Amino acid sequence: KYQKLPLDRIPELFSGRAVRLGSYGEPTLIPVPVLRAMIGKASNFTGYTHRWRSPLFQGYKAFLMASCDSVADRQEATARGWRTFRVMTRLDLDSREVLCPATTARKANCETCGLCKGLSIQAKSVGILVHGIGKSNFQERGI
């Protein structure tokens, strides 16, 4: 029922917009050429995946952050060449991480920050304290 959108029309739809890859689903389901077209003229973008371990998705590290639920996850993802976005129950950042700017004095938000762009920028990885309505369900893995 959906009309097919030619690849060359995608940039105009995202031009000047902030794009959050994965807002509605897993961004590694978007083919890399489509993803490149989406963010090529975007004003900003962010993106995350839990599928960073799979050899099939290593090309996405250019755009996405490895979603990590523990120090062990972060160490493994970093060893595989990913920048990470780590959720934690207590503030225990290491020297390669910064606290998410959206949580520090609310000086930024995901739309304006620009840190969670995978390897498309050179920056530290990001950590955030668990938050939101489901925070009581979060369990750090592999500590």
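This briefing describes the sheet and the nonpolar cores of the structure above. The model is predicted: local features need pLDDT of at least 70, side-chain atom pairs count only at pLDDT 80 or more, and totals for chains, interfaces and linings use all residues. Residues are numbered from 1 along each chain as its sequence is written, and side-chain values use heavy atoms, with hydrogens and water left out.

- An open sheet with parallel pairing is formed by 6 strands in the order 1-2-3-4-6-5; strands are DSSP runs of E with at least two residues, helices are runs of H or I with at least four, and both are numbered from the N terminus.
- Strand 1 (18-21) and strand 5 (97-99) are at the edges with a single partner strand each, so one side of each lacks a neighbour in the sheet.
- Strand 2 (residues 44-49) pairs with strand 3 (residues 65-68) in the parallel sense over 2 bridges; pairing requires at least two DSSP bridges between the strands.
- In this region, Tyr48 stands opposite Met65 of strand 3.

**Nonpolar cores**

- The largest nonpolar core has 18 residues, of which Leu21 and Trp82 touch the most other members; such a core is a set of buried Ala, Val, Leu, Ile, Met, Phe, Trp, Tyr and Cys residues joined through side-chain atoms within 4.5 Å, where buried means under 20% relative accessible area (1.4 Å probe, protein chains only).
- Strand 1, helix 2 (32-40) and strand 3 each supply at least two residues of this core, and helix 2 gives the most, with 4 residues.
- A second, separate core of 9 residues includes Met65, Phe85, Ala102 and Val126.

Terms used:
Buried < 20%, exposed > 50% of the residue type's maximum accessible area, 1.4 Å probe, protein only.
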